[in-house]
Each structure stands twice: as structure tokens, then as C-alpha cells.
Amino acid sequence: MRIAVLGTGYVGLSTGVCLAEIGHHVICIDVDERKIATLKQGKSPIYEPGLEELLIKNSSAGRLVFTASHKYALNEADIIIIAVGTPQSDDGQADLRYIEQAAKDLAEHIVRDSIVVIKSTVPVGTNDYIKQLIFAHLKNKVKFRMVSNPEFLRQGSAIQDTLKADRIIIGCEEIEASNIIQEMYRPLNVPFLLTDARSAEMIKYASNAFLAMKISFINGIANLCEAVGADVVDVATGMGLDKRIGSAFLNAGIGYGGSCFPKDVKALLHTSKEHGMPLSLLVETIAINEEQQELLVKKALNRFGTLTGKKIAMLGLSFKPETDDMREAPSIRISRALTALGAEVTAYDPVAVTNARQVIGDVITYADAPIKAANGADALFIVTEWEEFRKLDVKALLDVMKHRIIFDGRNCLAEEVLQECGTIEYCSVGRPAVIFKKEE
Ligand code: UDX
């Protein structure tokens, strides 16, 4: 099939690359010419494991092409996938500016009957709205049908999530169009759920909000565990063994971030209020998450009494491992809170430093190795659970620190590792603080 993908962000690029990988001819379009130039050179503008390899492979095979020209891209496309961003407006609702522009560009340039697929996360009713918008701006006499096809890929595992998805949602009331989209995805061998466009749009928001709620729930339980002397890791394991609950997304920590959960929860809350049915569960989900992001700062403040002049080594900046994305990363709030309290922060991250500099700026210092961040520090904060941190020579870090104190915001250091480190004060999330004493 000949497919055009509008937008080369996480979703658009991963989708385009994977559809080429399963044999389709894909043209990815972006209005950002610099990005297109980078992609044409076989380079991925984002850090995403496995993406660049597939990009090079499929570009070389001639199945994957990049362009900034809608005219060129839409000339032969049977299926046009819209995968542009829907950021958050100031009032919490989704900002549809980019999808509206994509619809207008598309309306101007389609020259043949086609299927328009909306993959961007959009509020319920947007498929109908975009259909009218395209219709109103259509230049040529062509027929087009709309399909809602939300995306569930995670950053850091975008390729695997696309090639081995749990489900593919196809929201479309027209059987023929629905069949064509099923055909497009058939080689993936993933179960389909066929529904109407509005339900498909709702599935995406409800799924993200549910997962965010699960995280806030376990974080609330974690704080209670600390108060009553229980261990949230065991509690989550025990809960997760119940098939009705499931163990995924029950890792307590310093809250969720990223480009989806924070904005999608707020957008769904906005929709619910707009319809007079405020989902108060989401109000709590957001409130717990915001508080949780400052948990390590509170713990450090309790421990030291004051943070003025204290040196904090921060490991991890990106909102989660395997990505350089800083959107809504807890490290931002933590850096600001620490520096506002007079602490000096030196941070290390395997890939996110360049992006972090743009968001956090020079109020903190950046190191190119964990040991350099730890040098002379009063405490070590673990903010992102990069695999590299699990394998750290923690003893070597502690040996160069002023105080042997670790605040682990992701519960990612193993007890066996800590026991090898000599005397150390270890504070994690939802578990009693422990002091490992050096054996004489
Ligand atoms: C999420 C959804 O998972 C995905 O389906 C959707 O398409 C986009 O949003 P993503 O934001 O890439 O994906 O990352 P995800 O792995 O879901 O993690 C989101 C946030 O939740 C991260 O900040 C992560 O650290 C946090 N998290 C996740 C927890 O704090 N605890 C958990 O148990 C799981």
C-alpha cells in the first residue's frame, strides 16, 4: 500500500518506519525542513532504540521516503495518517492547532480518493470535526473516509510496541475503510478492536488516564507504607499477583512525566468537566503526581534540616529511561525546588543533557559521568532508573561523596549492591529508610 504519514514526531516516525518494515511504501512528511534533511541522511532526530537501524534499512530499500512537500507526498497516497502533536493548552484542553493545519494542508493537496487516519491523540469528536474541516477546504473533487486509530507506543520501546502491539483500535463506521486499514496492519498479526470513531478516541484517553491513576494510586500507597512501616515493593507484588489488578504500572516512584500522561489526564479531565461529569479521580491523580515529584526534596530537607549550600548529585534527567525526552520530567521540578532552597545540583544523564540544558538551563551543573556528579556531594538523588545506574559501582561514588546518603526515587538499587558499600544511609520510596553499617 502507498501510505503518507503527516508528522515525524515519536508517533509518526515510529509508525512510518514500522509500516515500511512490513512492506508498505511510506512517505513521511514534516513542515520542519531541518528535520526532513536529518532524516534523509538516515539519522533519527530522536533517541529511540532500534529506530535508526530500521530507518536506514527501509530508506535504502526504497520503501521509506521523507519530504517537506505535501504535494509530492499526497500525490499517490491511498492512506494518509495524521500523527502530529496535540500539546496542552493553558486551560488543560488539547491544542488542536497542528492537526487543524495538517487537515488544511491535506485538503489542499489530495488528488485521489483516500482514507484519512487520525493517529494523534485527540478529544472525543475530533474525527468528525476534522472530517468537516477537510471537506470545507477540499481543492479537488475526491472522496475521503475517516478512521480513528489511536497509538499506544511508549517512548524507549516505540518500535517494539508498534511491531508487537497489544491491540490495534480501528474506529470507523464504514466497513470498507475499516477493512483496508486492517489489511494495512495484517502483517503485524495483532488483535483488532473495531469500533466507532468516538469510542476509539475515548479508548486512548481512558487507557492513559487509567495507567496514570494506577501510578498515583501506588504512590499514595507508598507514602502510607512509609508511615505504617510496610514495604511498597512487596505490597505491589502482592497486589499484582491478582490477575484482576496485574503487576504492570505499579512501580512506586517520584511520579509520572512524559509527553502523554500529564497532558492526556488533564485533557480528559477538561472534557469531563465540559460535559458536566467531572472525573474527580483524575483531580486526585494529578495532585498526587505533582506532590510526588518533590518527594526526594522533602526527604532531603527532613534529613538535613536545611538544603542551603548542600551539594546534590542527581542521576537521571529524562522522564524515563531509554529516551532523551525531558517533557514533564520530574528532574525539572526537583532541580527548581532544590536550587530555590539554596542547594547546588550536579546532574548526569546518559543521553538527555542537551535537552535538559534547554529546559532546566544553567541553574544546575551537568557532569559527563556519575562519579563526577557525586564528587563532594552531600547526597545522591536517583531520578531516572537507567539500566546503567542499576549496574553502578555505588561504592566508588560513595567514596568520593561528603556524606554517604542516597535518595533513590525509583527504588532501583538492589539490596545486595548496597550491602557491599560499607556504611550508607539509603532512603527509597514507600519503604523504611535503611542504614547499612560497615562490618568491623
Ligand atoms: C505512555 C503510555 O504508556 C503509552 O501507551 C502512550 O501511547 C503514551 O504514554 P510513555 O509516556 O512513553 O507512554 O511512557 P510510560 O512507560 O508509559 O511511562 C510514563 C511515565 O510513568 C514515566 O514517567 C514513568 O517513569 C512513569 N511510571 C510508569 C511510573 O512511575 N511507574 C510505573 O509503574 C510505570
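Two residues count as being in contact if their C-beta atoms, placed from the backbone, lie within 7 Å.

Domain 1 covers 2–202 and domain 2 covers 293–436, with bounds that come from an automatic or database domain assignment. Their centres, taken over C-alpha atoms, are 38 Å apart.

## What you're looking at

This is a predicted model, where local features need pLDDT of at least 70 and side-chain atom pairs count only at pLDDT 80 or more, while totals for chains, interfaces and linings use all residues. Residue numbers start from 1 along each chain as its sequence is written.

## Around the ligand

Which residues are closest to the ligand? They're Gln155, Asn251, Tyr256, Gly258 and Cys260, out of 19 residues that surround it; a residue makes the list if its C-beta atom, placed from the backbone, lies within 6 Å of the ligand. Sorted by class, the shell has ten nonpolar, six polar and three charged residues.

Helix H9 (residues 197–228) gives the largest share of that shell, three residues. Helices (H or I, at least four residues) and strands (E, at least two) are DSSP runs, numbered from the N terminus. H9 has 32 residues and reaches 46 Å from its first C-alpha to its last, close to the 46 Å expected; that expected span is 1.5 Å times one less than the number of residues. Just after H9 comes Gly229, with a positive phi of about 85°.

## A seven-stranded sheet

Now for the strands: seven of them form an open, mixed sheet in the order E11-E10-E9-E12-E13-E14-E15. Two strands pair if DSSP finds at least two bridges between them. At the edges sit E11 (365–366) and E15 (434–436), each pairing on one side only. Helix H13 (residues 295–304) packs on the sheet, touching E12 (379–382), E13 (405–408) and E14 (424–427), and its direction makes about 155° with that of E13. Such angles run from 0 to 180 degrees between N-to-C directions, using lines fitted to C-alpha atoms, for helices over the stretch in contact.

E10 (residues 344–348) runs parallel to E11, joined by two bridges, and Ala347 has Tyr366 as its bridge partner in E11. E13 and E14 are also parallel, with three bridges; here Ile405 partners Glu425 of E14.

E14 and E15 pair in the antiparallel sense over three bridges, with Val434 of E15 as the partner of Tyr426. These two strands form a hairpin with six residues between them, and Gly430 in the turn has a positive phi of about 75°.

Methods
Ala, Val, Leu, Ile, Met, Phe, Trp, Tyr, Cys and Pro count as nonpolar, Asp, Glu, Lys and Arg as charged, and the others, Gly among them, as polar.
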